[in-house]
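Here are some notes for a colleague who is opening this model for the first time. They are meant to be read beside the structure, one point at a time.

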Amino acid sequence: MGLLHAGVHSALQGAPLIVASEKEGFIVRMIQKMIPQAKIYEDYTEMVANEPDLEGVVITTPIHTHAPIIMDILKARENLGIFVEKPLCTNYSDAVKICTAVKRTKCANMVGFQKRYAATFKRAKDLLSTGEIGQPQFFKSYSFMSDIFRKGKGWRFDKESGGVTLEVGPHLLDLLIWYFGEPERLTGFRKRLYSEQVEDYVHAAMEFPSGLAGYADISWSIRNYRLPEVYVEVNGTNGVLTVCDDYVKLQLEGDSATTPAGTYLHRRPQLQPSVPFLLGDPEFCLQDQVFQDNLQTGRSSEPDFEDAAKVNSLMDKIGNL
Amino acid sequence: MAKPLERVLIGDNPFIGVDHLSQDRAREKLTLLNVQKEISVLQTAFANGASGFVFSTHPAHLEAFSLLAKENPELSFELYPLLPYAQGYVRSATEKGMVGMISELFGQLSWGGKVKALVGGGISTITANPYKMLETFVDMEIGRFLQVAPPKAKLKAVFLHEIIVDLALSLQLRELLERYVSYINGQYHVKAGLVTRNFERLVQFFERNGMSFDNTTIMTPFNKAGFQMNPTKEACERVLAQRSDIDVIAMSILAAGMIRLDEAVGYIENLPNLTSVVVGVSSEEHAVKTFQALRARPVESRPLVAR
């Protein structure tokens, strides 16, 4: 992810990479060989201290390192924008500390929940906000990928820093909170399929203050999901809204305020505009553009640390199931 | 009347579960496909106007090539491998970590002294130099497919995946692109292929750095809907119209299935300087219809599979 964001930011500015921090010697050697003008710091605190022209940093390290890095940066520089890959950190307690610290600064901050910038999920948000399907009553949702079918190695599989909730769940949980707010009740279970220390599958049923109820299934061990896939289906008093990475489908039983009754299917290619530079999915470019724009003003970008802390709160509750 | 296309190629996306419109549809197609079906569709495509196969270095194709060589050893067609099969390496990196994945990948080379044969040194010789690493990786990937392909299949170009090409463009890695082109030209005596979803940016990068398009083929989206044409459809069309010296293969001509075949053909025919297309098909019937339409005039309908 570090390379992807470095690429998108460089492309948006039309400027080469000039400074980065990386600890892994092999990767440092690669960067030095390919981008000789780039200055690579092994220690990010030195980078922040020695590069006064830095306007912002993009943190794409393992999840358990996010909190200490963010706190170090906030202590060192009050005006440095911070973008961190999702999720904000591993637990809600750290998230609260980060949010408290960032409030004392002028630091533009953003978390890499880029699904909010994906054409289909954004359209779904608009349709829910305008009440097309009436009052939401029930939803089912999943975040699946086909990655783990044997014991894995590394921090993703350690009890303190990994598990499918932290690794595969954040996008879906962020979307649910973005769409419906924070749930007030939660139940469900977690299950190990291949990993020894962490869960490979989660089923979390939740209820929201509005009366909406539903569930989220999260797993990295589901076959036939070559790419990670997020899916949400919402039943309302006037129809059904279905959204995934590929499409938004609206089935209306009666006329809504703006749309006659009927079925409407909008596929991603119809909704997705071209972007200044496409690397990975278009939403990376759109999201990084917003962060760049807000660096000048010090304004936080949606979703910011406060938004992301809500995801940590929900993940903590799932972790206690 | 529009000039006939010089090259019409079949792509492999439907065979490996890639569908830019719908993952549901990709899963459905995959359940209907097997190696026998893949080689049947390939032979139908070749019998109806396709001259070559653009394929990711996905392990599934090794079996298809072996079976094709056995069943139809006289079959002649062009090979356009595309590497790396990115998703496979993403998965491996998830399981083993980035460094673990690379170590294991090149660790395979130590068996049977292949490292020395390939690079005249040990694994550290490769991993200390990203360009040498890329060259060794290309040799490993291409080698295993050339070994099993039908004897009369001919290598025509070796494509580098858009995830590498576009990353190189964004980070301005001129030497990486130059060395890749030079290596493919020198080692395999074919054009180096570059896949991009940022066509205008690629052309600007080549121009700014005084790089030549002589020994390259560029594969990039061109379709009526502007799907995956960045920064805009108009910019991509303008650059294509201005540069008759660039060998371009249009991909995504059906915009992932959003555009009808006749509309796609009409759009392609009217693009100046475009002489080649690649399109994926998942059935024999679809192959007959698609490749006959792209070849402008119907060729004589042939049996679906020549046995």
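Which residue in S2(B) does B:Ile10 stand opposite?

1. The residue is B:Phe53, which faces B:Ile10 from S2(B). Before going further, please keep in mind that this is a predicted model. S1(B) and strand S2, which covers residues 52–56 of chain B, run parallel and are joined by three bridges. S1(B) is also joined by five bridges to strand S9 (residues 276–280) of chain B, again running parallel, and there B:Ile10 stands opposite B:Val279.

2. Still in chain B, the axes of helix H8 (residues 130–148) and helix H10 (residues 174–188) come within 10 Å and cross at roughly 35°, and the crossing is right-handed. From H8(B), the contact draws on B:Tyr131, B:Leu134, B:Glu135 and B:Val138, while H10(B) brings in B:Leu176, B:Arg179, B:Tyr180 and B:Tyr183. By class, the residues of this contact of H8(B) with H10(B) comprise six nonpolar and two charged, with no polar ones.

3. Turning to the contact between the chains, 34 residues of chain A and 40 residues of chain B take part. On the side of chain A that touches chain B, the elements giving two or more residues are helix H1 (2–13), helix H2 (25–34) and helix H9 (268–271) of chain A, and H1(A) gives the most, with six residues. That side of chain A is made up of 18 nonpolar, seven polar and nine charged residues.

4. Chain A itself is divided into domain 1, which takes in 2–113 + 292–297, and domain 2, which takes in 115–275 + 306–319. The C-alpha centres of domain 1 and domain 2 of chain A are 27 Å apart, and 15 residues of domain 1 are in contact with 18 residues of domain 2 in this chain. Helix H5 (residues 92–103) of chain A gives the most to the side of domain 1 that touches domain 2, with four residues. In that side of domain 1 of chain A there are 11 nonpolar residues, three polar residues and one charged residue.

5. Chain A also holds an open sheet of three strands in the order S3-S4-S5, with parallel pairing. Its edge strands are strand S3 (56–59) and strand S5 (109–112) of chain A, each of which pairs on one side only, and neighbouring strands of this sheet are turned by 10° against each other on average, direction ignored. S3(A) pairs with strand S4 (residues 81–85) of chain A in the parallel sense over four bridges, and A:Val58 has A:Phe83 in S4(A) as its bridge partner.

6. A last point concerns A:Tyr44, which is found in helix H3 (residues 44–50) of chain A. Is A:Tyr44 buried or exposed? A:Tyr44 counts as buried because it has 20 C-beta neighbours inside 10 Å. Leaving aside its neighbours within four places in sequence, A:Tyr44 is in contact with A:Ser21 and A:Ile69. A:Glu22, although 22 residues from A:Tyr44 in sequence, lies 7.8 Å from it in space, C-alpha to C-alpha.

Technical notes. Residues are numbered from 1 along each chain as its sequence is written. Chains are lettered from A and ligands numbered from 1 in the order in which they are written. This is a predicted model: local features need pLDDT of at least 70, side-chain atom pairs count only at pLDDT 80 or more; totals for chains, interfaces and linings use all residues. Two residues are in contact if their C-beta atoms, placed from the backbone, lie within 7 Å. Ala, Val, Leu, Ile, Met, Phe, Trp, Tyr, Cys and Pro count as nonpolar, Asp, Glu, Lys and Arg as charged, and the others, Gly among them, as polar. Axes are lines fitted to C-alpha atoms, for helices over the stretch in contact, and angles run from 0 to 180 degrees between N-to-C directions. A crossing is left-handed if the near helix is turned anticlockwise from the far one by less than a right angle, and right-handed if clockwise. Domain bounds come from an automatic or database domain assignment. Two strands pair if DSSP finds at least two bridges between them. A residue is buried if 20 or more other C-beta atoms lie within 10 Å of its own, exposed if 12 or fewer, and partly exposed in between; C-beta atoms are placed from the backbone.
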